[in-house]
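Student: Could we go through this model together, taking one feature at a time and saying how each should be read?

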Amino acid sequence: MKFIVKLFPEIIIKSKPVRKKFIKQLRDNLRKLLIPIDPELHIVREWDRITIETQCRADADIAAILAVLSNTPGIAHVIEVAEYPLVDVHDIYEKVRDAVGDSLRGKTFAVRCKRTGDHDFNSNEVERYVGGGLNQYSETGGVRLKDPDEVVRVEVRKNQFFVVKQRHEGLGGYPIGTVDSVVSLISGGFDSTVSSYMTMKRGMRTHFCFFNLGGREHEVGVKEVALYLWQKFGASHRVKFISVPFEDVVAEILKNVENSQMGVILKRMMLRAAEQVAAELEAPALVTGEAVSQVSSQTLTNLSVIDQVTDTLVLRPLITTDKLDIINTASRIGTEQFAANMPEYCGVISVKPTTRARPERIAAEEEKFDFSVLERAVASARYINIDKLADEEVSHTEVEVLPIPLAEAVVLDVRHPDEVDRKPLRLERNRVACMPFYELHKRCVELDRDTVYQLYCDKGVMSRLHAAHLLEQGYDNIKVYRPS
């Protein structure tokens, strides 16, 4: 089976050296992501596209390949094609008729042809000949050049031609690795997850920085959404998850800072800390999910005062975005349910927060703050490779990982519903129950204490992460099912 990867248009208009660099990076990213699915995969970088050939025939494997192609930044769309040697225009018609003729029954259609190379015919002649033949000898609803029910696509390329069987939309954007790294301040809510996705889509290797304000449940939730984003959109490049203990910073603010100024000062402390994290990772920019006036700390005046504490560039991809648009994007990329189920911990609540912070007032309040508390928090930050998050959790709790399901166990599929739909888990002897990992912390009370549960996910990361957390909470009937 062959797939043709079409480049995001902004890549095509780059200068030759830059375009070559971007295409090479995209090819390398795809190879890294697809080889685990098909070790015999053949991938070729060309000037205006990338071609991929696979010998996989199983529906689950093809679906996995398409999932990677649809979620890898740098791709405009992917076409699934049937390839043939070029004979003449009549042969093109016959091959197209055999490939798509039955699918046009009762439908209006149009033929579109793209051609590269020297031939004794042009694209319009192919379109007229193939369209006329299909209209005459197939039971179609007729030719309609504007807004047809179906578009039949043909590509003629030198001595070959391709019939497009199906088209799949891509993310667009730039290949990860073609733009500098960034550190995204992530809380797990709608805004920070969408802004992180947007920087990944634009080709930035995105590290995740979480400020722990005191909630263990919150930290586990943020780890899982960061892991989800990385696995789906950025797994071609390893990144860090940084957890900064901010409980003492919050306590110092609550103790010494005037109530109305607390929100702005907390954000300033976070930027000061994040600046040092970014320097450690050699990342030239920070990313936040702030949007103008969404909350009191995000007025233009307050954002200006907040930014004064750092010389590091602060990117705000959502700055003029409406909340509904953010939620819709979260729904599309699969993080809406994470945000909706995220445990909340609000460390600083101002009764009447300022919307027009004055630099001199903020400076006076910060003079009351013991900055050694902030220094200790930054020094205590934990830097973890994101693909090792489960190992970090398991190091505190012994999790039993088994290659087969126990006879009496219920296998709990904790994958995202999209993954379950693409590749359902079916076992002959064990009952399989689905409980998405972003719901586990709320629904774990539903688990029968007398039943053994084995958590399952594709890569064994999310299952071990949550098994460790459930064991910590006293659920000693939890294990992991990880097929060998």
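Student: Which backbone oxygen does the side chain of Thr-178 reach?

Tutor: In this predicted model, the side chain of Thr-178 reaches the backbone oxygen of Pro-175, at 2.6 Å. Thr-178 itself is placed in the loop between β8 (160–172) and β9 (179–185).

Student: Is Thr-178 buried or exposed?

Tutor: Burial is read from the relative accessible area, with under 20% taken as buried. Thr-178 has a relative accessible area of 11%, and therefore counts as buried. When residues up to four places away in sequence are not counted, Thr-178 touches Lys-21, Phe-22, Gln-25 and Gly-203.

Student: How should I read the nonpolar cores, and which residues have the most contacts inside the largest one?

Tutor: The general idea is that in soluble globular proteins nonpolar side chains tend to be buried together. Here the largest nonpolar core has 47 residues, and those with the most contacts inside it are Phe-208, Leu-229, Ile-386, Phe-437, Leu-447, Leu-455 and Ile-478. Among the elements that each supply at least two residues of this core are α6 (190–201), β10 (204–212), α7 (216–234) and β19 (478–481), and the largest share, 8 residues, comes from α7. Apart from this core lies another, of 38 residues, among them Ile-242, Ala-283, Val-309 and Val-378.

Student: What is Phe-208 in contact with, leaving aside its neighbours within four places in sequence?

Tutor: With those neighbours left aside, the contacts of Phe-208 include Ser-184, Met-200, Leu-229, Trp-230, Phe-241, Ile-242 and Ile-386. For the protein as a whole, residues 24 or more positions apart account for 79% of the contacts with a separation of 6 or more, and buried residues make up 54% of the 484 residues.

Student: What is there to notice about the phi of Asp-147, and what about the phi of Glu-282?

Tutor: The general idea is that most residues other than glycine have a negative phi. Asp-147, although not a glycine, has a positive phi of about 55°, and it lies in the loop between β6 (142–143) and β7 (150–157). Glu-282 likewise has a positive phi of about 55° without being a glycine, and its place is the loop between α9 (262–281) and β12 (285–287).

Student: Why does Asp-147 count as exposed, and why does Glu-282?

Tutor: A residue counts as exposed when its relative accessible area is over 50%. Asp-147 counts as exposed because its relative accessibility is 59%, and Glu-282 because its relative accessibility is 72%.

Notes. Residues are numbered from 1 along each chain as its sequence is written. This is a predicted model: local features need pLDDT of at least 70, side-chain atom pairs count only at pLDDT 80 or more; totals for chains, interfaces and linings use all residues. Side-chain values use heavy atoms; hydrogens and water are left out. Helices (H or I, at least four residues) and strands (E, at least two) are DSSP runs, numbered from the N terminus. Buried means under 20% relative accessible area, exposed over 50%, partly exposed in between (1.4 Å probe, protein chains only). A polar contact is a pair of N or O atoms within 3.5 Å; within protein, one must be able to donate a hydrogen and the other to accept it, and residues adjacent in sequence count only if both atoms are side-chain atoms. Contact means heavy atoms within 4.5 Å. A nonpolar core is a set of buried Ala, Val, Leu, Ile, Met, Phe, Trp, Tyr and Cys residues joined through side-chain atoms within 4.5 Å.
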